[in-house]
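This report goes through the strands, aromatic rings, core and surface of one protein model. Please keep the sequence and structure in view while reading.

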Amino acid sequence: MSLIGGFMGRDGAGGQFAFGDDEFGAGFGCVANRVIGHGEARANRLVAAVGGCLADG
C-alpha cells in the first residue's frame, strides 16, 4: 500500500486494484471476474478514464 499526500492505492493478484484521493473525495476499485494479469489494457483505460473525470471535475 502506498500513501502520498492524500492519495492511497493498492494493487492485488490478477489485476485487481483500488485507489482513493482525499483531495478529490473520490475512490475507485476494479475487481475482474478472471485473472487478467499485471498491466492489462482494460485496467489502464479505466484508470485513465477516472483520472480524466477528476481532472474535468
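Asp21 has Ala26 of E4 as its bridge partner. Strands E3 and E4 run antiparallel and are joined by 5 bridges; two strands count as paired if DSSP finds at least two bridges between them. The hairpin has 4 residues between its strands, and Gly25 takes a positive phi near 65° there.

The model is predicted: local features need pLDDT of at least 70, side-chain atom pairs count only at pLDDT 80 or more, and totals for chains, interfaces and linings use all residues. Residues are numbered from 1 along each chain as its sequence is written, and side-chain values use heavy atoms, with hydrogens and water left out.

## Overall layout

The protein has 1 helix and 4 strands, in the order β-β-β-β-α along the sequence. These elements are DSSP runs numbered from the N terminus, with helices (H or I) of at least four residues and strands (E) of at least two.

Of the contacts between residues at least 6 apart in sequence, 12% join residues at least 24 apart. A contact here means heavy atoms within 4.5 Å.

## Aromatic rings

How many aromatic pairs does a search of the whole structure find? The search finds 3. Rings of Phe, Tyr and Trp (its six-membered ring) pair if their centres lie within 6.5 Å; planes under 30 degrees apart count as stacked, over 60 as edge-to-face and the rest as tilted. Phe17 and Phe19 form a stacked pair, at 6.5 Å centre to centre and with 5° between the planes. Phe17 and Phe28 have ring centres 5.9 Å apart and planes at 40°, so this pair is tilted.

Phe17, Phe19 and Phe28 form one aromatic cluster. Phe17 and Phe19 are both buried, the value for Phe17 being 15% relative accessibility. Phe28 is partly exposed, with a relative accessible area of 23%. Buried means under 20% relative accessible area, exposed over 50%, and partly exposed in between (1.4 Å probe, protein chains only).

## Nonpolar core and cysteines

Which residues make up the largest nonpolar core? This core has 5 residues: Phe17, Phe19, Cys30, Ala43 and Val50. A nonpolar core is a set of buried Ala, Val, Leu, Ile, Met, Phe, Trp, Tyr and Cys residues joined through side-chain atoms within 4.5 Å. In soluble globular proteins, nonpolar side chains tend to be buried together.

Cys30 is buried, with a relative accessible area of 14%. Cys53, in contrast, counts as exposed at 57% relative accessibility. The structure holds 0 disulfides, a disulfide being a pair of cysteine sulfur atoms within 2.5 Å.

## Loop and surface

Asn33 is placed in the loop between E4 and H1. With a relative accessible area of 76%, Asn33 is exposed. The C-alpha atoms of Asn33 and Gln16 are separated by 9.6 Å, and the two residues are 17 apart along the chain.

Of the 57 residues in the protein, 21% are buried. The accessible surface comes to about 4200 Å², and 59% of that surface belongs to carbon and sulfur atoms. Accessible areas come from the Shrake-Rupley method with a 1.4 Å probe; for residues, only the protein chains shown count as cover.
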